[in-house]
Structure formats: C-alpha cells, structure tokens
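I opened this model to look up how its parts pack.

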Amino acid sequence: MTAEAAQYFGAGLAAMGIGIAAIGVGLIFAFFLQGALRNPAAASSQQGTLILGFAVAEALGIFAFLVALLLLFAV
C-alpha cells in the first residue's frame, strides 16, 4: 500500500464519524419525541438537555470531518 492510498483510506475511515454523528442526532431527537409524547408535562424541562445532546453529537461529527480533511490535505 502506498502512502497516498493509506492517506485516502485513513480519511475515509475518519469521514465515517460524520455518518455516525448523524445517526446519533437522529436518535437524540427520536427519543426526546418519544418521551415528550409519553409525558408532555415534562417535555419543556428536558429541552435544555436535548439541545446539549444535539450540540455534542454535532460537534463530534464536525471534528471527524476536520480530521478527514487534515488527513487528506495536511499530511
């Protein structure tokens, strides 16, 4: 395996984190909606936790994207 092939392979593996983060964001909102439909009175108190979970999952996806770009263009 050449160095260029290894670079592309590593960038592809790092880019998989973007899809995993998207799945995580979808699960966060799905479980919030499920809980809100079961207990509508408690939904407003859990909205801050929802936004925090969304932000953390999205940040992990952005970090994975940045690592993929670094592996492609900086190494």
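**Entry 1**

I began with Leu-60, which is found in helix 2. Helices here are DSSP runs (H or I, at least four residues), strands are E runs of at least two, and both are numbered from the N terminus. The model is predicted, so I noted its limits: local features need pLDDT of at least 70, side-chain atom pairs count only at pLDDT 80 or more, and totals for chains, interfaces and linings use all residues. Residues are numbered from 1 along each chain as its sequence is written, and side-chain values use heavy atoms, with hydrogens and water left out.

Is Leu-60 buried or exposed? I found Leu-60 exposed, because its relative accessible area is 53%. The cut-offs are under 20% for buried and over 50% for exposed, with partly exposed in between (1.4 Å probe, protein chains only). I then checked Leu-60 against Ile-20: they are 40 residues apart along the chain, and their C-alpha atoms are separated by 9.2 Å.

Leu-52 is also found in helix 2. Leu-52 counts as exposed because its relative accessible area is 57%.

Gly-53 is another residue of helix 2. Its relative accessible area is 23%, so Gly-53 is partly exposed. The C-alpha atoms of Gly-53 and Val-25 are separated by 7.9 Å, and the two are 28 residues apart along the chain.

**Entry 2: the buried residues**

Which residues of helix 2 are buried? I listed Leu-50, Ala-57, Gly-61, Ala-64 and Ala-68. The buried residues of helix 2 pack against helix 1, where contact means heavy atoms within 4.5 Å.

In helix 1 I found Gln-7, Ala-11, Ala-14, Ala-21, Val-25 and Ala-36 buried. The buried residues of helix 1 pack against helix 2.

**Entry 3: the helix pair**

Two packed helices are described by the angle between their axes and the distance between the axes. I looked up both values. Helix 1 (residues 3–38) and helix 2 (residues 47–73) have axes that come within 7 Å and cross at roughly 170°. That angle makes helix 1 roughly antiparallel to helix 2. The label applies over 145 degrees; under 35 is roughly parallel, 65 to 115 roughly perpendicular, and the rest oblique. The contact of helix 1 with helix 2 holds 20 nonpolar residues, six polar and one charged.

I checked the lengths next. The 36 residues of helix 1 should span 52 Å at 1.5 Å a residue, and its end C-alpha atoms are 54 Å apart, which agrees. Helix 2 has 27 residues and reaches 39 Å from first C-alpha to last, close to the 39 Å expected at 1.5 Å a residue.

**Entry 4: the record**

UniProt (unreviewed entry) lists residues 12–37 and 49–74 under "transmembrane region". Residues 12–37 are 100% helix and 0% strand, with end C-alpha atoms 38 Å apart. Residues 49–74 are 96% helix and 0% strand, with end C-alpha atoms 36 Å apart.

The UniProt annotation "domain: V-ATPase proteolipid subunit C-like" (unreviewed entry) covers residues 9–71. Over residues 9–71 I read 87% helix and 0% strand, and the end C-alpha atoms are 9 Å apart.

How values were computed. Axes fitted to C-alpha atoms, helices over the stretch in contact; angles between N-to-C directions. Nonpolar A, V, L, I, M, F, W, Y, C, P; charged D, E, K, R; others polar. UniProt positions renumbered as here; feature names shortened; annotations may be inferred. Expected span 1.5 Å × (residues − 1).
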